[in-house]
Amino acid sequence: MPIGETGVRKNFRAVIEFIKSKPVQKVAVACAADEAVLKSAGIASNEKILDFIFFDNAEKIKKAAAAHKIDISRFEIIDTRSEQEAAALATAAVREGRAQILMKGHLSTGMFLKAVLDKNTGLRKSKLLSHIQVFECPITGDIKMISDGGMNLYPKYEEFCHITANAVEAFYKICGRAPKVALISAYNRANHLLRSSVDMAAARDDMKIFAGGERVPIEGPVTLDVALSARAAEKKEVRMSFEGPADIFIVPNIETGNLLGKSLLFFTKSQSAGIICGTSRPVIMLSRADNFSTKFNSMALGSLLAING
Ligand code: COD
């Protein structure tokens with residue numbers, strides 16, 4: 001695993017502090033005519049953390065910026081005629097090194113991912129690309145991850161292995177320490193009524209993942225309470241190789257990940273970010289409805305990953 005430059009980082013504030021002392025990275029935004037994107041770009045640029053190239057209909061971007069009183073005069077704008085063209089050209093800019101980070105703006109997820117996945121012009125590196133939601137735990141304030149609530153619909157054995165490896169690699173680059181991983185299910189052991197629990201049990205037995213020279217502890221299938229609390233594990237008589245809370249929560253399917261992630265955002269207002277892993281360069285992928293701070297945190301994480309890549 002490439003280690004890059006590390007140092008233990010617990011939260012988004014530490015990530016932002018880290019990138020402030022590093023060279024400014026450039027973000028290529030596909031379909032940038034969106035208030036939250038433009039606002040976070042304006043602030044990141046004012047603070048000299050990031051630079052941007054916007055790909056969208058130029059008039060639309062200028063109108064959105066004017067409507068929300070955001071100064072975008074210092075950013076390069078590439079005028080595009082469709083979402084597809086914006087996604088393709090922004091991906092090409094990153095692939096060719098004119099920008100270091102790709103970001104999804106106001107376009108459909110499927111269209112964006114198709115550009116990233118394109119075998120000839122995309123940004124594939126690993127066998128499987130996967131989405132991680134990075135969030136600050138509402139109780140401890142520490143960085144945690146959920147995967148995959150954004151890209152792979154119904155993972156099976158092999159996909160669970162890749163999704164876990166991708167998340168561990170990202171966690172180590174972001175936090176600078178090895179994580180504890182829980183494969184989340186409705187059961188605490190393989191149950192043939194639930195295919196994902198059987199696949200998770202097999203994946204847990206087979207995976208040997210290292211971070212910073214340390215073997216990463218992986219448990220699963222386990223329920224969320226057991227993954228979070230040593231007391232719950234003890235009460236339910238589940239033997240764990242680590243004491244909760246886990247750092248990475250691998251979920252059985254996209255609905256579970258999406259629901260858990262949105263619950264954190266809306267019920268607890270957790271600080272959050274979203275990225276695609278397994279790519280040759282960092283890719284930020286968020287929901288169009290995500291707010292300013294989620295977009296800003298994601299840009300900061302993208303920058304750290306570009307620096308530590
Ligand atoms: N990693 C690597 N390669 C992949 C992946 C992946 N995760 N997914 C597909 N591929 C490859 C396939 O092997 C194939 O070579 C090519 O990409 C096309 O794959 P298809 O035909 O299976 O899939 P597509 O192109 O129709 O769709 C792939 C998507 C990732 C776009 C699709 O799975 C999708 O829409 N996922 C859900 C994303 C989403 O809507 N998220 C928001 C709601 S939470």
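This is a predicted model: local features need pLDDT of at least 70, side-chain atom pairs count only at pLDDT 80 or more; totals for chains, interfaces and linings use all residues.
UniProt, in an unreviewed entry, assigns residues 85-301 to "domain: Phosphate acetyl/butaryl transferase". The chain as a whole contains eleven helices and 13 strands. Its radius of gyration is 19 Å, close to the 19 Å that the globule rule gives for 309 residues, so the chain is as compact as a globular protein of that length.

**Overall dimensions and packing**

- Taken along the principal axes, the C-alpha atoms fill a box of roughly 60 × 35 × 35 Å.
- Buried residues make up 55% of the 309 in the chain.
- Of the contacts between residues at least 6 apart in sequence, 71% join residues at least 24 apart.

**Surface and charge**

- The accessible surface of the chain amounts to about 13,900 Å², and carbon and sulfur atoms contribute 52% of that area.

- Val 134 belongs to strand E5, which spans residues 130-136.
- With a relative accessible area of 0%, Val 134 falls under the 20% limit and is therefore buried.
- Leaving aside residues up to four places away in sequence, Val 134 touches Phe 12, Ile 143, Lys 144, Met 145, Gln 271, Ser 272, Ala 273 and Leu 301.
- Asp 205 is 71 residues from Val 134 along the chain, and their C-alpha atoms are separated by 26 Å.

**Backbone geometry: cis peptide bonds**

- Most residues other than glycine have a negative phi, and most peptide bonds are trans.
- The bond from Gly 220 to Pro 221 is cis, with omega near -5°; Pro 221 lies in strand E10 (residues 218-222).
- A cis bond also links Gly 244 to Pro 245, with omega near 5°; Pro 245 sits in the loop between helix H9 (230-235) and strand E11 (248-250).

- Cys 31 is placed in the loop between strand E1 (25-30) and helix H2 (35-46), and at 3% relative accessibility Cys 31 counts as buried.
- Lys 269, likewise not a glycine, has a positive phi of about 55°.
- Lys 269 occupies the loop between helix H10 (254-267) and strand E12 (272-277), and Lys 269 is exposed, with a relative accessible area of 67%.

Methods: Residues are numbered from 1 along each chain as its sequence is written. Side-chain values use heavy atoms; hydrogens and water are left out. Helices (H or I, at least four residues) and strands (E, at least two) are DSSP runs, numbered from the N terminus. The radius of gyration is taken over C-alpha atoms; the globule rule is 2.2 Å times the number of residues to the power 0.38. Buried means under 20% relative accessible area, exposed over 50%, partly exposed in between (1.4 Å probe, protein chains only). Contact means heavy atoms within 4.5 Å. Accessible areas come from the Shrake-Rupley method with a 1.4 Å probe; for residues, only the protein chains shown count as cover. UniProt positions are given in the numbering used here, feature names are shortened, and annotations may be inferred rather than shown by experiment.
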